[in-house]
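Subject: Structure handover

Hello,

Here is the structure for your files. My notes on its aromatic contacts follow below.

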Amino acid sequence: MNHLAIGAGFNINKQSPAGSLTYQMLDENGQNKLFNELNTTELSVNFRYAPHEEFYQGKIYRTPIFNQYPIFTFNYTAGIKGLAKGEYNYHSFNVGAFKRFYLSQFGFADVTAEGNYIAGKEIPFPFLTIHRANQTYAYQLNSYNLMNFLEFVSDHNASINVQYYMNGFLLNKIPLIKKLKLREVFSFKGVYGGLRKENDPDDPNYGSKVFAWQRNADQIQSSYTFGSEPYMEASIGLSNIFKILRVDYVKRLNYLDHVDAPAWGSAPESDLISKSFRKFIL
């Protein structure tokens, strides 16, 4: 009744690399040291506070109804070395907030802000924040749709995600078009962070103690941390197509010098079929 949810977890993981993914360190002599598996033991606790939240209640499940009140989340995860074969110590803190803003006849906007901090040193990148990327053809609300998998890694970061639904404010004023009942959608996503020197493969003192950056099949570096600016992308689209579909045209605003970085939702130039198809992301 107080709209506060509390959860706890205990997790034992064993990870092994596959495909082009490699777990390797470069020692002081430049020699590769490969790892076939990683073992972690984690304890976690999470809180969700949603004041005045309402639901559609079914027999078994209930679906939240968004209103003008915010939703807050907090998650803490601890990696414990030496417990059940755990190999690493670290502490991850994540804070998030969601709020819907009603703009009268101009529609509404859903805004999500998050912050994350991972404490610890010499942590392999699989246990840092690998930012949510999307290389499929489906638009994902909570992912960066023109970011490649494993492209950005950080141990501290902040992000914002804005989805603005204009609810036909423009299209309803166009004769004939308004009969289609299409709805305008705009979005902006940005994330900025970095790596402390004790987790940075480029640091001269710690580079030989953490996993090296990922490289593609041509041995070109394909994973990075953030530079002097946040990663940003924006989109414009139409929703309510046949009352069920949404189509967005997405633009990546920076870091276009990264390998295979798509600027307008296109795939790498060598894949001509995918390049033409991914001009629009559903």
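The confidence score used here, pLDDT, is the predictor's confidence in each residue, on a scale from 0 to 100. The protein averages a pLDDT of 90, and 93% of the residues score at least 70. Over residues 266-282 the pLDDT is below 50; beyond near neighbours in sequence, that stretch has 39 contacts in the model, a contact being heavy atoms within 4.5 Å.

This is a predicted model, in which local features need pLDDT of at least 70 and side-chain atom pairs count only at pLDDT 80 or more, while totals for chains, interfaces and linings use all residues. Residues are numbered from 1 along each chain as its sequence is written, and side-chain values use heavy atoms, with hydrogens and water left out.

Aromatic pairs

A search of the whole structure finds 19 aromatic pairs. Rings of Phe, Tyr and Trp (its six-membered ring) pair if their centres lie within 6.5 Å; planes under 30 degrees apart count as stacked, over 60 as edge-to-face and the rest as tilted.

Tyr23 and Phe125 are edge-to-face, because their planes stand at 75° with the ring centres 6.0 Å apart. The two residues are 102 residues apart: Tyr23 is in the loop between β1 (4-15) and β2 (24-26), and Phe125 in the loop between β9 (108-119) and β10 (129-130). Strands (E, at least two residues) are DSSP runs, numbered from the N terminus. Tyr23 is buried at 4% relative accessible area, and Phe125 is buried at 11% (buried is under 20%, exposed over 50%, partly exposed in between; 1.4 Å probe, protein chains only).

Phe47 and Phe74 form a tilted pair, 6.3 Å centre to centre with 35° between the planes. Phe47 lies in β4 (residues 38-49) and Phe74 in β7 (residues 71-79), so this pair ties together parts that are 27 residues apart in sequence. Phe47 is partly exposed at 31%, and Phe74 is partly exposed at 29%.

Ring pairs also link Tyr144, Phe152, Tyr192, Phe226, Tyr231 and Tyr255 into a cluster. Leaving aside neighbours within four places in sequence, Gly227 is in contact with Tyr192 and Tyr255. Gly227 itself lies in the loop between β13 (183-194) and β14 (231-241) and is partly exposed, at 37%.

Charges over rings

The charged end of Arg62 sits over the ring of Phe55, 3.8 Å from its centre (the criterion is NZ of Lys or CZ of Arg within 6 Å of the ring centre and within 35 degrees of the ring normal). Arg246 lies over the face of Tyr139, 4.6 Å from the ring centre.

Regards

Note on methods: Helices (H or I, at least four residues) and strands (E, at least two) are DSSP runs, numbered from the N terminus.
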